[in-house]
Amino acid sequence: MMKNILVPVDGSEGSDRAVAQAIALAEACEAKLNFLYVANINQLAIKACLADAILEAVTKAGNVILDRAMQMVPSDVEKEAFSETGSPAVVILDFAASNDMDLIVMGSRGLGVVKGVLLGSVSQYIVEQSKCPVLVVK
Amino acid sequence: MKNLTRILVPVDASEGAERAVAFAVSLAESTGAVLDILHVSYFDKNTDAEEESWLPEAIAGSVGVMEKEALERARKHVPPSVAAEYHRRTGIPADEILRFAQEKQTGLIVVGCRGLGFMKGLLLGSVSQEIVERAEVSVAVAR
């Protein structure tokens, strides 16, 4: 039975569509939605070189994206927002494994637009490596 | 998927395909969607037949056996409470699957993965990979 759905968000159009479909699915399955924003930065690098102001701005940007996703969810659906830093694909898979996610719902294209590539590199990595089912939203 | 009414599950006679059917069944139970279970053969007895097929029975016959086995193995995972239709087509699998999805106004395609390859690109299987990339509707990869 599907109890926990992981929805990685990055604020792109594709991620918005993924949120919408994940909500529909969570309603049907009475599952909990877990939104995850991954700031693509190396934590060590932040500590070493980045000023607090930059770190704050990055955190704020992530929170805006997570808030927007959370607000789309009807009140009868359980939901939670998570924020992490690191390499998105790796962090998403780690999160899914260590939190017992039953399904990952994500867009087919994230923010990084590479011409001629149909599936984003993060989505591609997750589709190939995930231990749980992955729904690629078009 | 807002109004998920039809889920397409392409199958071959593999464990990955069985997992795809099982996952699609769990979605169908929650959403009330109808399953379209599809097997595509590269060729059959009619492929080269103008009057009489030159394909020996040893080959054309075994294609039919594989098709039957694939659909039978899928059927085992579908409880009576879930509505399912079984289909067969002949052609290039990815092309036929995507064409079928368009014809039937499929809301979601559920594909399996090999789950045994450790080489990059082989984890998914080439047909599943192509479906994920080319499909105009959402695709779920079952594990």
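In this predicted model, helix 4 (residues 88-98) of chain A packs against helix 5 (residues 121-129) of chain A at an angle of about 35 degrees, and their axes are 9 Å apart. The crossing of these two helices of chain A is right-handed. On the helix 4 side, the residues that meet the partner are Pro88(A), Ala89(A), Ile92(A) and Leu93(A), while helix 5 of chain A contributes Val122(A), Tyr125(A), Ile126(A) and Gln129(A).

We turn next to the place where the chains meet. Here 19 residues of chain B are in contact with 19 residues of chain A, and on the chain B side helix 1 (15-31), helix 4 (126-134) and strand 5 (138-141) each supply at least two of the touching residues. That side of chain B divides into 11 nonpolar, 4 polar and 4 charged residues. Strand 5 (residues 134-137) of chain A is joined to strand 5 of chain B by 3 bridges, and the two strands run antiparallel; within this pairing, Val136(A) has Val139(B) as its bridge partner.

In soluble globular proteins, nonpolar side chains tend to be buried together. The largest nonpolar core here has 74 residues, and those with the most contacts inside it are Ile5(A), Val105(A), Ile7(B), Ala24(B) and Val110(B). Helix 1 of chain B provides the largest share of this core, 8 residues. Leaving aside residues up to four places away in sequence, Val110(B) touches Ile7(B), Val9(B), Ala20(B), Phe23(B), Ala24(B), Ala140(B) and Ala142(B).

Conventions: Residues numbered from 1 in each chain as written. Chains lettered and ligands numbered in written order. Predicted model: local features only at pLDDT ≥ 70, side-chain atom pairs only at ≥ 80, totals over all residues. Contact = placed C-beta atoms within 7 Å. Helix = DSSP H or I, 4+ residues; strand = E, 2+ residues; numbered from the N terminus. Nonpolar A, V, L, I, M, F, W, Y, C, P; charged D, E, K, R; others polar. Pairing = 2+ DSSP bridges. Core = buried A, V, L, I, M, F, W, Y, C linked by C-beta atoms within 7 Å. Buried ≥ 20, exposed ≤ 12 C-beta atoms within 10 Å, placed from the backbone. Axes fitted to C-alpha atoms, helices over the stretch in contact; angles between N-to-C directions. Left-handed = near helix turned anticlockwise from the far one by under 90°.
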